[in-house]
Amino acid sequence: MNEKKILSIKTIVAIGIGAAVFLVLGRFAAIPTGVPNTEIQTAYAFLALMAVLYGPVAGAAIGFIGHTLKDVTAYGMPWFSWIIASAVVGLIMGLAWKKLHVSEGVFGKKEMITFNIYQIIANLIAWGLVAPTLDIVIYAEPLDKLYLQGSVAGISNIITVGVLGTALLYAYAKTRTKKGSLDKE
Amino acid sequence: MSQTMLGYIKQDSPIHYLTGATKLICLLLFSFASMLTYDTRLLAIILIFSIVMFKVSKIQFKDVAFVVYFILVFLLLNNIAIFLFSPYEGVKIYGMRTDLFKLVGPYTVTVEQLFYQFNITLKYLSIIPMALLFMVATHPSEFAASLNRIGVSYKGAYAVAIALRYIPDVQRDYHDIAFAQQARGIDMSKKEKLSKRIKNITAILLPLIFSSLDRIETISCAMELRAFGNNKKRTWYSARPFKKGDYIAIGVATAFLVVAFLMMIKNGGRFYNPFL
Amino acid sequence: MKKPVIEFKDFNFQYNAQAKPTLKHINLTIYEGEKVLIVGPSGSGKSTLSNCINGLVPFYYEGEITGSLLINGKETKNSSIFELSNEVGTVLQDPDGQFIGLTVAEDIAFKLENDCVPQEEMKERVRKASKLVEIDNQLESAPHSLSGGQKQRVNLAGVMIGDVNILLFDEPLASLDPATGKTAIELIDELQKKTGKTIIIIEHRLEDVLHQEVDRIIVMDEGTIISDTSTEELLGQSLLKDTGIREPLYITALKYAGCRVISEMKPQRIHTLQVESCKDQLVTWYADQSKELIEEKAEVILEFDKVSFGYNPQKEILKDISFKVYKGEMLSIVGKNGAGKSTLSKLVCGFFKPTKGRILFEGKDMIEDTIKERAQKIGMVMQNPNQMISQNMIFDEVALGLRVRGIGEEEVTKRVNETLKVCGLYPFRNWPISALSFGQKKRVTIAAILVLRPEMLILDEPTAGQDFKHYTEIMEFLKGLNQQGMTIIMITHDMHLMLEYTDRAIVVSEGQKVADDLTTYILTDEETINKAYLKKTSLYELALKVGIDEPRAFVKCFIDYDRRMRL
């Protein structure tokens, strides 16, 4: 994707549609793990794909808007600390955008490792640092509880994005391989 | 559909007459105020004020009941978790300990802890009526225009409008795809093992992603063809001008935030300590 | 002297991602106030041509242009999409993708908002534009409460509001049912007469567009213009048939009967057609065709027994529906969008349970069967293959349903290969699906269902958006399956498909069954046609015109003959 402007029309639309998909996945496609209050949030695997395809601005915005809409439509109120954490995840994963060329069909071992390094850092910062810190500042809840919540969310998201996100990117890259060289049959 | 979504409910009320921008600003100001303060008295006033506003809006409680029950359950669980993790957080904060009765092991219920948890609950609760009100009393059309008015770039604001516009379409896509895959025997229900369900869900995710990427393509074209992004600014069909009521509402909300600040200075911190 | 508004001069275009040019040596001039129809099979370059006119090529889809294209005397290469958007208004194929606003009024105003028009003026202009397309009583409605036809009207108002002189319609009929399509064509015609704008329509459903007169028809094939002439002229030639575009059915019938179609006959529409000179030939041809035997009814495979369904008891989506499907039958279920057709298939597959009545499969009530169990007996194929495909390779996609059932890899390979052979996909088994055409993808999705060895198939709009060639390909494939004994139900509003491939149709309207009869009867019955948003077939009218006693039998006779001729 060689976009000239930071906010091209395509990026804006990608943010809008991305946020809508994030919400729908968050509400309908979360798989309970059996451990109470922890779910496999497929929405974050999708967020990873969008961030890698459209860059950090789109990643952050999809995380922010998607999560806010999900919160307000489901709980009637936004949970800002976690919303900002989602934006941070999208932002940091989006930084891998320049390094990866998934839309040209390149996603081999090396790229998978790069992607996973980014996503692990992103999740660690977001759920290990950003979310609990904001929770303390805003709600002054006990530290232990927040860090435990944060690490459960962080670890489950690292696994989700690591497994599902990598799989999605791989599958997406595969569909892009032969393009450009295809002649009319 | 088993899960319902919160959406705009049409009513004839002073709250509905306020512009979307005003409601958004007020919600933000109130959120800041209630996030900032732990002063029980102020939180209680905010809660009462929000409930009154809710009444004024003529929105029926039953329309939002499902969300409220959900939140109450969440708050209960949250309270239990806090107690389990840190039974003496209140003691730490208020610097006193008044035991009520002993539970098991290291857990003793104290007045301070109860008061602390009461405050947390109040804090969460105080903003809920306002947030709900914002959701059900703001027409989605007005939302993007409002964001733009409070300083968000119109392109960013429009991204939100697109999200709101296409949620139903994406939701329909999702259900259609899930239907097609399940009709092929790909099981998503709890009957399958977890690892298998994760694998199976990609059978829904990938088609959804591809159809969404196609959608992005079509919408981008349509917007290009109708000159979106051509100018530095844009006008909004559904924007409404500010009236007296809007200024009053913002004034009141600002006052609450100022009071929250003042109370913080007076209390010498975010907590109000009645035990002193 | 007429003023040229669009001038292609030795124009060529090649997309950056393609190995060969898509448009070759285009020379075409369109004059102010003309109404031009561009037809061609898929891949002929007609969509690219339209994208050149509105500026998507080369500003959105990049590529190399040689030669010249002037719009209102200005070279487009040196222009921009924004500038062109003030000259050309485009109504895209997908009415949902183009409906960007949250309400009708906002969407119509979209262009004005972007041009920073003040709100007062905007409201006035929206009011006028919405009145023009008769959607002014729906201004506050959200898109999901509108029908496809209404959305298209909004799209149209949204481009008209910019005061453009050229209106470009990219396959305006693709997502509409026949009756709504007819109204859309009438609306376009009326607008042109009222406003005098230049109109360009790109479509492959020729007969439907010709419901109203057009000035010229341009035929494209392989990236070049192969014909540019009047309707009368074109219909007399065999060019359409040769390029794989479907002629109006009555024209085909005349040709089968050996009549020469000449412009003096005014062949552009069935109503204007003067058939006197051909009368005898047609009657003789009809008499020569032997009547087909009425097929024996086999055993019942699926039965709806007084089935009702609703999410809540007050609002029933389906009311007291009863019908039978016979083994080995090919049947269509028709009705306008929202009539309850898709609910019907969801009931069969077990996503919903009937609130009243029973659904029987081979005489057994299915109430206790799970979705997965039913999937073993009844295969469901969605309209859009992209909504079903989740694997990269054809083999894996077809194997998916078996693998999730835990069947051993050896057996999987055997069954997948078998199915791929049946579907003519075996040579491609190791291809990535992304390299396939839409029609081939559709075939993959059918194969993915067939591999489960169901006894019955339900297909939702199997040929939507396909040109004649692909349509024939898909349908002949299904017919072949049917001849091998597969029971097939198709949910559709394509009248050709109903007529040509199914003997019987069930019509659903407002949640009720309103007809269950031979397709030739249904498509000639005024009342049913209106209820199901269909259109009377022109063959019927042709038969009436030449005074054939049994016009329905004539329709049937034509269809059978035509299918034999096409194979």
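Which residues of the largest nonpolar core touch the most other members? I began with this question, keeping in mind that the model is predicted. I found that the core holds 309 residues, and that Phe46(A), Leu49(A), Val52(A) and Ala163(B) are the ones that touch the most other members. I then asked what gives the most to this core, and noted helix H8 of chain B, residues 154-182, which contributes 17 residues.

I next followed one of these residues, Leu49(A), and set aside its neighbours within four places in sequence. What remains in contact with Leu49(A) is Gly165(A), Leu168(A), Leu169(A) and Tyr172(A) from chain A, together with Ile209(B) from chain B.

**Entry on chains B and C**

I looked up the contact between these two chains, and recorded that 50 residues of chain C and 44 residues of chain B take part in it. Sorted by class, the side of chain C that touches chain B has 27 nonpolar, 14 polar and 9 charged residues.

**Entry on a sheet in chain C**

I traced an open sheet of 4 strands in chain C, whose order is E2-E1-E4-E5 and whose pairing is antiparallel. Strand E2 (23-31) and strand E5 (74-75) stand at the edges with a single partner strand each, so one side of each is left without a neighbour in the sheet. I also checked how E2(C) is held to strand E1 (residues 4-15) of chain C, and found 6 bridges between these antiparallel strands. Within this part of the sheet, Glu7(C) stands opposite Thr29(C), which belongs to E2(C).

**Entry on the domains of chain C**

I noted that chain C is divided into domain 1 (4-246), domain 2 (248-288 + 539-567) and domain 3 (330-341 + 369-536). Taken over C-alpha atoms, the centres of domain 1 and domain 2 of chain C are separated by 32 Å, and 10 residues of domain 1 are in contact with 10 residues of domain 2. On the domain 1 side, helix H9 (206-209) and helix H10 (231-236) of chain C are the elements that give two or more residues, and H10(C) gives the most, with 5 residues.

Terms used:
Residues numbered from 1 in each chain as written. Chains lettered and ligands numbered in written order. Predicted model: local features only at pLDDT ≥ 70, side-chain atom pairs only at ≥ 80, totals over all residues. Core = buried A, V, L, I, M, F, W, Y, C linked by C-beta atoms within 7 Å. Buried ≥ 20, exposed ≤ 12 C-beta atoms within 10 Å, placed from the backbone. Contact = placed C-beta atoms within 7 Å. Nonpolar A, V, L, I, M, F, W, Y, C, P; charged D, E, K, R; others polar. Pairing = 2+ DSSP bridges. Domains from an automatic or database assignment.
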